[in-house]
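Hello,

Here is the structure I promised to pass on. Please open it next to this message, and then read the notes below.

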Amino acid sequence: KCKLEEAAVSRLFTWEIDYPPTNNPITGTVDPLSAFVVELKFDDEWAGRNVGIYAHALPESPVPPVGFEYKIYRTPWPSCSGTPENVMQVYKIVPGERYFVLFANWWPDKVIPWKIGVE
């Protein structure tokens, strides 16, 4: 469930994030009955800094809509299976670690827009 398989690469988007942050979130969509993965790549200036990563379905609400989940995680540790769903994460950026946001849409006929930001 949490391992990035080669078959998922076609659904992988990479967001390269320069320092300092611009407070400009990125947006996209996740198709019905599918998942979408965004890898966050922080430039070297982020090393050692605490970063909050947040995600939402659009329009934003305090609780994600039924049928939509997101998970923010890093590798190699902790794995995505040890990270709670639908929760903002704060990490100290470590060179060599990888940071991801995984979106899942369980609706059979609804495209769901999403947003990711860092602070």
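This is a predicted model: local features need pLDDT of at least 70, side-chain atom pairs count only at pLDDT 80 or more; totals for chains, interfaces and linings use all residues.

Four strands make up an open sheet. Their order is β2-β8-β4-β6, and the pairing is antiparallel. Which strands stand at the edges? They are β2, residues 26-30, and β6, residues 89-92. Each has a single partner strand, so one side of each lacks a neighbour in the sheet. From one strand to the next, the twist averages 25 degrees.

Now look at β4 and β6. Strand β4 spans residues 50-57. Four bridges join β4 to β6, and the two run antiparallel. One place to check is Gly 52, whose bridge partner in β6 is Val 90.

**The side-chain contacts**

Start at Arg 74. This residue lies in strand β5, which covers residues 68-75. Is Arg 74 buried or exposed? Its relative accessibility is 15%, under the 20% cut-off, so Arg 74 counts as buried.

The side chain of Arg 74 makes a polar contact of 3.4 Å with that of Glu 97. Glu 97 sits in the loop between β6 and β7, the latter being residues 98-105. In sequence, Glu 97 and Arg 74 are 23 residues apart. In space, their C-alpha atoms are 6.7 Å apart.

Glu 97 has another entry in these notes. A polar contact of 2.9 Å joins its side chain to that of Tyr 99. Glu 97 therefore has side-chain polar contacts with both Arg 74 and Tyr 99, each pair being within 3.5 Å.

Best wishes

Definitions and conventions. Residues are numbered from 1 along each chain as its sequence is written. Side-chain values use heavy atoms; hydrogens and water are left out. Two strands pair if DSSP finds at least two bridges between them. Axes are lines fitted to C-alpha atoms, for helices over the stretch in contact, and angles run from 0 to 180 degrees between N-to-C directions. Buried means under 20% relative accessible area, exposed over 50%, partly exposed in between (1.4 Å probe, protein chains only). A polar contact is a pair of N or O atoms within 3.5 Å; within protein, one must be able to donate a hydrogen and the other to accept it, and residues adjacent in sequence count only if both atoms are side-chain atoms.
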